[in-house]
Structures are given as structure tokens and as C-alpha cells.
Amino acid sequence: MKKVTKITTIIMAVIMILSSTTTALAASYNTAQTAESVGIGTTYTTFKYGYPDGNYRNALNYTEKFFSFVPSVTGYYEFVATGYENTQYIEGKTPYVEITIRDAQGNYVRSTYTNAYTLETKVAAELTAGQVYYINVSDTLFNTVSYKSSSYGYVEQTIALKVAPHSHTFTSIQYSAYTVNSCSYCNYSEKVENVAAIKSVKLSQTTFTYNGSVQTPTVIAYNTSGQRISSYAYTTTISGNKKSIGKYTVTVKFGYAYDGKTYKFTYTIAPKGTSISKLSAKKKGFTVKWKKQKSNTSGYAVRYSTNSKMKNAKTVYVSGNGKTSKSISNLKKGKKYYVQVATYKSVKGGKAVSKYSSAKSVKTK
């Protein structure tokens with residue numbers, strides 16, 4: 001009877017040891033629902049690996065823990081896991097640690113991992129004040145077969161999870177026009193323009209007079225230092241044959257050094273212009289006459305304004321290349337007007353208008 005009691009006592013002791021081991025191991029797990037709340041500072045947590053019950057089939061080589069964090073101020077925060085090298089057994093080093101940040105709805109925010117024998121894993125993200133975020137730390141132990149005959153049974157590793165406000169650590173990619181600074185740990189990036197950035201782009205000329213030959217303007221581009229940008233920095237494409245009367249689109253595309261910026265302009269090859277032959281006043285208006293220009297012409301344009309520089313000018317089109325005059329009425333009495341004329345040809349996209357003649361003035365009656 002005493003022998004049976006002794007055996008029973010030993011069995012119970014073994015069961016208690018195994019139960020204690022299993023409980024300790026189970027305690028290394030939790031979920032987002034039971035996440036441990038952490039704040040600014042350092043929290044220590046223990047992962048366990050190996051064979052809690054001594055059975056190779058039940059080998060454990062992966063575990064994870066969840067933490068919850070509520071920032072008091074909106075900003076960037078970093079989460080750093082350190083100190084997870086096993087000092088008991090060289091094969092127990094952990095070459096893979098992953099940290100994942102998710103919001104309260106489970107949406108992915110940011111993650112990172114290390115896949116070498118390093119002693120720090122860091123990730124950072126911009127978090128909103130008052131919102132709950134879940135930080136999942138997972139740790140993998142490789143080569144656990146080494147523990148099959150190990151006297152340790154299983155191995156413990158302690159990780160220190162540090163939470164702190166984040167200061168960006170930048171890596172820079174520099175182009176001739178700008179530099180991109182990106183943080184190595186979060187998704188923050190900034191673009192800083194260099195002195196070579198584009199300041200202005202224009203065409204040397206926007207109207208040409210038809211001559212039967214190819215006619216194209218020159219692109220003039222300057223940077224913020226006042227230097228003209230080389231034509232090697234961009235490509236120029238022009239639609240059409242560039243010699244017929246019409247409107248042409250110029251596309252200027254800069255290379256990667258200028259962020260691939262694209263500019264579009266329009267220039268016109270127009271018919272030969274004309275000039276005013278007579279300008280006479282009438283009651284609250286005037287009559288203008290011009291020299292006939294039938295070649296490549298659909299009609300004429302009359303432009304007038306009370307400003308000598310033709311600001312806020314009004315334009316009237318006269319259809320038919322045989323017309324040579326136009327009367328303008330309903331103007332202000334006794335007011336001086338400046339008048340110009342031009343020819344035009346109807347083309348795809350509108351009218352190709354020639355250069356306007358020199359302005360002449362008339363005072364209405």
C-alpha cells in the first residue's frame with residue numbers, strides 16, 4: 001500500500017510539473033481582444049520554445065503577442081523590439097522578428113521584420129490621438145530539432161518592447177531638380193526642391209506667317225537660379241506637318257531629373273496679314289477699311305479697344321476674303337478707340353489668325 005501511495009505521489013508531482021510548464025507556455029500567447037496595454041516606455045515579455053511535454057511531435061517554434069497602445073497626441077511613434085538573443089544555447093538565436101501595427105478595425109498600418117541575427121527590430125507610423133492601435137510582435141525560433149535531446153525542454157527568450165515618440169531617420173535620393181528624403185522606419189517622405197528646379201517654360205514665338213516651309217518655335221526654359229535649362233533635359237514633340245496654315249500643339253516633357261513634368265503650348269501658322277487703308281468716325285462708332293488679302297484667307301478680324309495696348313479689346317470676325325470694310329456701332333460717344341485688323345483662315349480647332357496690323361485711332365461722333 002505504501003508503494004502504491006509513493007508511485008501515486010510521484011505521478012501527481014510529474015503531472016503538476018507538466019501542468020505548470022504548459023500553463024507557463026500558454027501564458028506566452030494572447031489575442032487582440034486580450035492585448036496587454038502599453039504606454040510610452042519599455043515593456044518586457046517572454047517567449048517560450050521547445051518541447052514543453054518532452055514530445056518531439058509537439059515542438060513549438062513560433063509564438064506571438066499582442067499589445068494595445070492609445071496615443072495621447074497625434075504624431076509619429078516607434079515600436080522597437082530588442083534583446084531577443086538566447087544566451088543559453090547558440091541555436092536558440094532568433095533570426096526573424098516581425099512587428100505589425102493595425103488600427104482598432106484591424107486595418108493594416110505598418111510592419112517590419114528582421115531576417116538576420118540582429119538585436120533590434122524597429123517600425124514607426126503616424127498615429128491619431130485617442131485611437132486604439134494593436135501591436136503584434138511575433139518571434140520565430142529556427143532549428144528547434146536541436147532541442148529534441150536538449151536537457152532544457154524548452155527555451156525562454158525575453159523581448160523588450162520600447163514605445164517612444166519617433167524622430168525620422170532619413171535616406172535621401174538626390175536628383176538635379178529635387179531631393180526626396182524618406183524615413184527608414186515609417187512612411188514619411190518629403191520632396192525638397194534644389195536650386196535647379198524649373199521656374200518658367202515658354203515658346204519663343206506663338207504666331208508664324210505662312211511661307212510654305214516648316215516653321216517651329218524654340219522652347220525657352222529657366223530654372224530658379226536664373227539659368228537657362230539645356231534642351232538635353234527635355235524632349236519636344238509637335239503635332240502635324242508644321243508648315244501648313246493651322247494650329248499646332250507643342251508638348252515639352254522633362255526627364256526624371258525634373259520629376260517628368262510636362263508642359264503643353266499652342267502656336268499658329270497663319271495667312272499673310274493686311275493693313276488698314278482707311279479709318280473714319282461715325283455717330284457712336286467707326287468704319288474701318290483694309291487691303292484685300294485673298295490668298296489662304298477665309299475672312300478678316302477687326303479688333304478695337306479704348307486702351308492703346310489693346311487691353312480688354314473686342315474682336316469682330318468678317319467672313320469672306322472679298323470683304324474690305326466693316327462698320328462698328330453702339331460705342332460711346334466722343335470716345336477714342338484704337339483699331340487693328342488681321343486675316344484668318346478656318347482650320348481644325350478654330351481660326352488661324354494672322355498678326356494684327358499696326359493700330360490706328362479714331363474718335364467717335
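A residue is called buried under 20% relative accessible area, exposed over 50%, and partly exposed in between, using a 1.4 Å probe and protein chains only. By that scale S357, at 8% relative accessibility, counts as buried. The model is predicted, and local features need pLDDT of at least 70, side-chain atom pairs count only at pLDDT 80 or more, while totals for chains, interfaces and linings use all residues. Residues are numbered from 1 along each chain as its sequence is written, and side-chain values use heavy atoms, with hydrogens and water left out.

**Overall composition and confidence**

- The protein has 1 helix and 26 strands, where helices (H or I, at least four residues) and strands (E, at least two) are DSSP runs numbered from the N terminus.
- Of the 365 residues in the protein, 38% are buried.
- The accessible surface is about 20,700 Å², with 49% belonging to carbon and sulfur atoms; areas come from the Shrake-Rupley method with a 1.4 Å probe, and for residues only the protein chains shown count as cover.
- Among contacts (heavy atoms within 4.5 Å) with a separation of 6 or more, 63% are between residues 24 or more positions apart.
- The average pLDDT, the predictor's confidence in each residue from 0 to 100, is 82, and 76% of the residues score at least 70.
- Residues 1-29 stay under 50 in pLDDT and have 18 contacts beyond four places in sequence in the model.
- Residues 142-152 also have a pLDDT below 50, with 22 contacts beyond near neighbours in sequence.

**Nonpolar cores**

- A nonpolar core is a set of buried Ala, Val, Leu, Ile, Met, Phe, Trp, Tyr and Cys residues joined through side-chain atoms within 4.5 Å.
- The largest such core has 19 residues, and V201, V250, V252, F254, Y258 and Y267 have the most contacts inside it.
- At least two residues of this core come from each of β13 (198-203), β15 (219-223), β16 (234-238), β17 (246-254) and β18 (262-270).
- The most is given by β17, with 4 residues.
- Another core, of 18 residues, lies apart from it and includes F67, A81, I101 and A125.

**Strand β21 and its partners**

- In β21 (residues 299-305), 6 of the 7 residues are buried.
- Strands pair if DSSP finds at least two bridges between them; β21 and β22 (residues 314-319) run antiparallel, joined by 6 bridges.
- Within that pairing, Y304 stands opposite K314.
- Strand β24 (residues 336-347) is also antiparallel to β21, with 7 bridges between them, and Y300 has T343 in β24 as its bridge partner.

**Loop residues**

- Q215 sits in the loop between β14 (207-209) and β15 and is buried, with a relative accessible area of 12%.
- A polar atom of the Q215 side chain lies 3.0 Å from the backbone oxygen of T209.
- Not counting residues up to four places away in sequence, Q215 touches F208, T209, Y210, K242, Y267 and I269.
- S357 is in the loop between β25 (350-353) and β26 (360-363); with residues up to four places away left out, S357 touches T274, S275, I276, Q340 and V341.
- G255 belongs to the loop between β17 and β18 and is partly exposed, at 29% relative accessibility.
- Beyond four places in sequence, G255 is in contact with A233 and G260.
- The C-alpha atoms of G255 and Y232 are separated by 9.0 Å, the two residues being 23 apart along the chain.

Methods: A polar contact is a pair of N or O atoms within 3.5 Å; within protein, one must be able to donate a hydrogen and the other to accept it, and residues adjacent in sequence count only if both atoms are side-chain atoms.
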